[in-house]
Amino acid sequence: MEFLNALVTLSNFMLVPALAYGSQLALGALGITLIYSILRFAHFAHGDTMALGTAAVIGGTFFLQGQGIGIAPLPTALLAVPFGVLVMVGYLLAADRLVYRYYRRVRAKPMIFVMASLGVMFVTNGITRLFMGVGETRFEDGERFVFSVREFRAFTGLAEGLALRNAQAITIVTALIVMIVLFWFLTRTRAGKSMRAYSDNEDLALLSGINPERVVTITWVITAILLVLAGTLYGLDKGFRAFNYFQLLLPMFAAAILGGLGSPIGAIVGAYVVAFAEMGVTFAWRRVAGYLLPEGFEPSGMVQLLPVDYKFAVTFMILVIVLLFRPTGIFKGRVL
Amino acid sequence: MKKLLLASTALALSAGIATAQEVKMGVLLGYTGPIEDITPYMADSAELAMSEISDSGMFLGGATITPVRADSTCVDSSAAQAAAERLISSDGIVAMVGADCSGVTMAVLQNVAMSAGVPMISPSATSPAFTTTESNGMFFRTAPSDARQGVILADIVMERGFDTVALTHTNNDYGSGFATAFAEAYTAAGGTITTTVPHEEAKGDYSAEVGTLAAAGGDALIILGYTDGGGSVLRTAYELGAFDQFFMGDGMYGDALIANTGEALEGTVGTIPWAQGDGADAFTAVAEAAGVRADSSYTRESYDAAAILALAAQAAGEATPAGIAANVLNVANAPGEPILPGELAKGLEILANGGEIDYVGATNVELVGPGEAAGSFREYIVDGGEYTTVKFH
């Protein structure tokens, strides 16, 4: 019983939120790693394009709600995702045609690409705020809980409770499906194989007749799907606020670099490591320890390594340590 | 050509006369940021007092007051200072109503108002720090200090039988000052605070903060913050089953909180500076007649702040920053004829004739020296999605 209570309280306050957060990061980091391996630059505009994509989904959601169309108990936003993807495919391809293609043609250094993406980031940033403002927008509807704390307590009779929100469950399930589909696409389809070939060796790929512009287009389309999903799931879970999406850039990059830039599996593993590290290091273990330790040994302090304000510092530390000691990341990716 | 010159000189002269009769006052409030849902009503109330003064025709021999709004943002000190600088140097205000949140108010006071010598009356800066800060007589406030609100809230929590609580506050001057005042009074009364966790505004996710509070435990959670961050903490704490009973301070009060938190807020008890009596009734009547919403946070304090500034200018006989600053305490406190909202014309007349007034206003204004005000607090409980008054303290 003591052990169960410890597990439940740990799940409620850390494991479930971290799993959802990690899944959202993973979808974002996958996009970053994909762009890095194929277009060969660090896409700084990722956080803000995620925000813009979510803004499009929110617009679609409000339209559908106005028409009275919904899929309760699931949130209406899921119905609006295709619309958001469409908008973002258009937006990213336009950005590619207007900005990145020129630098590809003149074979610019990666650093110039990064700066160009920084410019795209600022523009996207402004467009998002133009439509959404700087405040918070909540667009979650349908059922809020799969089961709430009170229902869980009544059902199990445990002293501790566990809540699972709809948004968290949807996030975890969707992320899993998307990852499986993406791996199937990359390893089993012709387009996916040509992408991997292009990523491995650009010249050889060109020689074997792969159309580079086609590969680039497919990459942007996949990126658009990934980032609209990541942004929508994050927004459903935590509410939409443009600035928070910009702040996601750091943990997403930390995840991609930790896993090994260019390695999709690395991005996923890295994302969960970052999420669990952020939550675990700043988590107060007192209550969990109180259940697990024998009578009389309960800690009097909070058993917390860092105050919660230092969440981003944890990510920074991970990034610094990886870059110092293993710049290729866990799965031997490229060096930034 | 000569005619044209003459005409333009005449025009310039008449324009000069027009501006001489126009007195500008700043209304520096957070129209954007964490308390943006209450500031429009505060500004309306302040401007209501200014237009009442202007319409009376007795202000400094027929002068009018033009309010100039500027955004304090509530949280961004540099933006608030820039806004105050603009009000003073570019708009040429003689005094200002504002700022609102304690952090930005302190920044504006120390870095702008004191060096420019422009008096300010804040309707809502409640940090205890203002009572002890040297302001060269430039700072006054119509809202009572959190030092008292902390004591009253601690009494309420103890009275309701909660002797072990966790405490979270917004991470700025207002939040930490209020938290310190509450913690002192609460522990002195025999209560135990298991932990104190500051929280930042405008974050997406507060589950880590709530996790820490839950690990520390307690029978209730005290939230001293704003509708935005504090509201999210409350909702998260309720949904994660960490706490069922909440207590909150004045910064959380607002309709947006009820809309955002729903059933989580039921049974929550809180305090807010609130006045009752003839002055408050008179204000409600005046505000309703003018179509201004009276039933919101700090509307009374805002009206009083603007009225006192204008009356002080009248007492000085000139609309200058120094004159206003020197006369604020004279018009706000006894002795003299008591003045209620809606009677500003009467006050102006008495002052013009060399008499003395005691501005009572909507909140029974009693300024205890520079930087401190006496005042009453309302204890409310959220019942059926509405704030219901329990009693006044």
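Trainee: What should I know before I start?

Mentor: The model is predicted, so local features need pLDDT of at least 70, side-chain atom pairs count only at pLDDT 80 or more, and totals for chains, interfaces and linings use all residues. Residues are numbered from 1 along each chain as its sequence is written, with chains lettered from A and ligands numbered from 1 in the order in which they are written.

Trainee: How do I read a pair of packed helices, say α1(A) and α9(A)?

Mentor: In general, you give the angle between the two axes and the distance between them. Here, helix α1 (residues 2-38) of chain A and helix α9 (residues 212-238) of chain A have axes that come within 9 Å and cross at roughly 165°. That makes α1(A) roughly antiparallel to α9(A). Helices are DSSP runs of H or I, at least four residues, and strands are runs of E, at least two, numbered from the N terminus. Axes are lines fitted to C-alpha atoms over the stretch in contact, with angles from 0 to 180 degrees between N-to-C directions; over 145 degrees counts as roughly antiparallel.

Trainee: Which residues of α1(A) and α9(A) meet?

Mentor: Among them are A:L27, A:L34 and A:I38 in α1(A), and A:I222, A:L226 and A:Y234 in α9(A). The contact divides into 14 nonpolar, five polar and one charged residue. Nonpolar means Ala, Val, Leu, Ile, Met, Phe, Trp, Tyr, Cys and Pro; charged means Asp, Glu, Lys and Arg; the others, Gly among them, are polar.

Trainee: How many residues of α11(A) are buried?

Mentor: Burial is a neighbour count: buried takes 20 or more other C-beta atoms within 10 Å of a residue's own, with C-beta atoms placed from the backbone. Helix α11 (residues 249-259) of chain A has nine of its eleven residues buried, including A:F253 and A:L258. Its cover includes α1, α2 (46-67), α12 (264-281) and α14 (311-325) of chain A. A:G260 follows α11(A), with a positive phi near 110°.

Trainee: Why is B:L48 called buried?

Mentor: Because B:L48 has 25 other C-beta atoms within 10 Å. B:L48 sits in helix α2 (residues 39-56) of chain B and, leaving out residues up to four places away in sequence, touches B:V286, B:A287, B:A290, B:V292 and B:Y303. Contact means C-beta atoms, placed from the backbone, within 7 Å.

Trainee: How many residues of chain B are in contact with chain A?

Mentor: 16 residues of chain B contact 24 of chain A. Helix α8 (residues 207-216) of chain B gives the largest share of chain B's side, eight residues.

How values were computed: Two residues are in contact if their C-beta atoms, placed from the backbone, lie within 7 Å. Angles under 35 degrees count as roughly parallel, over 145 as roughly antiparallel, 65 to 115 as roughly perpendicular and the rest as oblique. A residue is buried if 20 or more other C-beta atoms lie within 10 Å of its own, exposed if 12 or fewer, and partly exposed in between; C-beta atoms are placed from the backbone.
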